[in-house]
Amino acid sequence: MNNKAVIAEHFKLPSNGLLYGNNVNPNVKLRSMTVRDEMKRLGPSNDGSMYRAMAEVLDDCLVEKPGISTYDMCLGDYQFLLHKLRIVTYGPEYMMECRCPVCTDVDEYLVNLENLTLLELTEFEESMLELELPHCGKKIKLNINTPRLLDNIEKDVVRTRKQHKKQSQAFSELDWHLRYQLVYSIDTIDGEKASYTFKESFCDSLVGRDFNAILNKQSEIDKKVGLGAIMELLCNNCGSEFSAPFRLTTEFYRPSRTS
Ligand SMILES: [Zn+2]
């Protein structure tokens with residue numbers, strides 16, 4: 001028996017590959033998901049592997065390989081491919097529950113995933129990743145935020161909490177995400193590659209102005225590329241225009257409507 005061929009479409013990564021060096025081809029071809037892919041997506045995931053399974057599914061569905069795993073792409077490219085995979089597999093219609101801020105009516109809206117705004121990177125220089133900390137004056141070069149990095153942060157948070165649980169309840173209840181977000185965001189300090197343990201103590205001693213500068217810079221970089229997170233809607237009840245943030249729900253990976 002011959003299965004109907006899977007659907008595959010061409011896309012260009014919104015980063016245009018500019019963040020990854022010369023060997024990455026931003027023109028990719030993505031095929032629709034099969035039962036096997038869905039089985040992988042639904043497979044067991046441990047702390048710190050939330051993004052890995054999905055990145056592996058995306059990698060498998062890339063018919064033409066870009067020369068980099070989606071696990072190591074910037075978050076903008078990764079999310080872009082996730083949306084395109086959903087569209088290639090199930091179409092662009094997405095049911096989302098929203099509350100109108102004018103009349104407070106809650107209703108379901110069928111939105112089109114193709115209509116999200118897309119920010120593309122047209123130029124990139126290494127200096128875009130650099131900043132000077134306002135208090136201590138150190139020069140920091142940041143890493144690009146990737147799915148792998150987010151998984152690593154989660155892994156280290158869980159590990160650190162466990163370590164402290166035996167000795168100090170107060171320490172185990174700290175939100176260690178901040179520390180590891182900072183640790184993983186730093187590539188070099190004053191031009192030097194810093195070791196993991198050095199970065200841990202360096203980040204622990206940063207004053208508010210300095211760590212806030214790092215977080216702001218990182219989110220500024222994240223926002224340069226990828227899909228916009230806000231959708232414009234028209235209220236079904238009062239007719240007002242309002243904007244709602246895009247939210248990922250089960251409707252994204254398994255839409256209840258079959259068209
Ligand atoms: Zn309304």
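User: Is C103 buried, partly exposed or exposed?

Analyst: The model is predicted, so local features need pLDDT of at least 70 and side-chain atom pairs pLDDT 80 or more, while totals for chains, interfaces and linings use all residues. Residues are numbered from 1 along each chain as its sequence is written, and side-chain values use heavy atoms, without hydrogens and water. Buried means under 20% relative accessible area, exposed over 50%, and partly exposed in between (1.4 Å probe, protein chains only). At a relative accessible area of 24%, C103 is partly exposed.

User: Which protein atoms are the donors of the zinc ion?

Analyst: Donors are N, O and S atoms within 2.8 Å of the metal (3.2 Å for Na, K and Ca); water is not among the atoms, so sites may look incomplete. Lying 2.3 Å from the zinc ion are the SG atoms of C100, C103, C235 and C238.

User: What is the arrangement of the four donor atoms around the zinc ion?

Analyst: Four donors count as tetrahedral if all angles lie between 85 and 135 degrees. Here the angles are 107 to 113°, so the arrangement is tetrahedral.

User: What spacing do the donors of the zinc ion follow along the chain?

Analyst: Along the chain, the zinc donors follow C-x2-C-x131-C-x2-C. Within this set, C103 in the loop between β4 (93-99) and β5 (106-112) and C238 in the loop between β12 (230-234) and β13 (241-245) link distant parts of the chain, 135 residues apart. Strands are DSSP runs (E, at least two residues), numbered from the N terminus. The spacing asked for is C-x2-C-x131-C-x2-C.

Methods:
Four donors count as tetrahedral if all angles lie between 85 and 135 degrees; four count as square planar and six as octahedral if opposite donors are over 155 degrees apart and all others between 65 and 115; anything else is irregular. Helices (H or I, at least four residues) and strands (E, at least two) are DSSP runs, numbered from the N terminus.
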